[in-house]
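Okay, thanks for coming, everyone.

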Amino acid sequence: MSTAWIVAYILGALVIAALSFYLGRLLMQIKQAEADKRQAIDKRNAKLSSDIHTIAWAMREGQCDFSEGAIRICVLLDHLIEAAPQDHQSIYSGIFALYDNIKHMPTHQARAEQSKLERLKMDAQRLSFEEQFETQIKQDIDKLIARFGPNS
């Protein structure tokens, strides 16, 4: 075997070793990025869970009306990232039923721009929906507190 072939084998082995090392580093970076992403998702979900628990507790204690709580909780539940996604709409059917019936109603500035009569009509309609779904909502609140409580 000539020295040219020996040099070619050595260079080939060095290139393979360098590429293997580089591939190993890339795989470690991917693994770290996935761990960082999982940690960020877990942190975000923990914050969402805490917020859901707080709102549900406030609803149960009468510190937050059902309509406002339903709007906030439905949005927060939609933002949860779960390994095994759940059908929140069927699990918390009362809260989602109320939300579906009131989500079209204007809030904040848009509500303020409406006439007093229009606001009164919407309030009466909203309260009617709250009464209609009250039993289901109270059951949903208990489920939410149990699921998203600090010890869950």
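Let me start with R38, which counts as partly exposed because its relative accessible area is 38%. Before I go on, this is a predicted model, so please keep that in mind. R38 makes a salt bridge with D42, and the closest N and O atoms there are 2.8 Å apart. Both residues sit in helix 1, four residues apart, which is about one turn of the helix. In an α-helix there are 3.6 residues a turn, so residues three or four places apart point the same way. As for D42, it is partly exposed as well, because its relative accessibility is 40%.

Staying with helix 1, which runs over residues 3-60, I10 lies in it. I10 also belongs to a nonpolar surface patch of about 460 Å², together with I6, V7, L11 and L14.

Now, other salt bridges. How many does a search of the whole structure find? Eleven. One of the pairs is R60 with E61, whose side chains meet at 3.7 Å, N to O. R60 comes out at 43% relative accessibility, so we call it partly exposed. E61 has a relative accessible area of 43%, so that one is partly exposed too.

K138 is partly exposed, at 43% relative accessibility, and E134 is partly exposed at 31%.

While we're in helix 7, have a look at K143, which lies there. Its relative accessibility is 40%, so K143 goes down as partly exposed. Which residues does K143 contact, leaving aside neighbours within four places in sequence? I91 and Y92. Along the chain, K143 and I91 are 52 residues apart, yet their C-alpha atoms are separated by 8.6 Å.

Next, H88, over in helix 3. Is H88 buried or exposed? Buried: the cut-off is under 20% relative accessible area, and H88 has 8% relative accessibility, so it qualifies. Not counting residues up to four places away in sequence, H88 touches L77, L80, E82, F96 and R147.

F96 takes us to helix 4, where it is one of the buried residues. Helix 4 covers residues 93-102 and is mostly covered, with seven of its ten residues buried. Besides F96, the buried set is G94, I95, A97, L98, Y99 and I102. What do they pack against? Helix 2 (66-79), helix 3 (88-91), helix 6 (116-132) and helix 7 (134-148).

Definitions and conventions:
Residues numbered from 1 in each chain as written. Predicted model: local features only at pLDDT ≥ 70, side-chain atom pairs only at ≥ 80, totals over all residues. Heavy atoms only, no water. Patch = residues over 30% accessible without salt bridge, like charges linked within 9 Å, V, L, I, M, F, W, Y side chains within 5 Å. Areas by Shrake-Rupley, 256 points an atom, 1.4 Å probe, with all protein chains shown as cover. Salt bridge = Lys/Arg side-chain N within 4 Å of Asp/Glu carboxyl O. Helix = DSSP H or I, 4+ residues; strand = E, 2+ residues; numbered from the N terminus. Buried < 20%, exposed > 50% of the residue type's maximum accessible area, 1.4 Å probe, protein only. Contact = heavy atoms within 4.5 Å.
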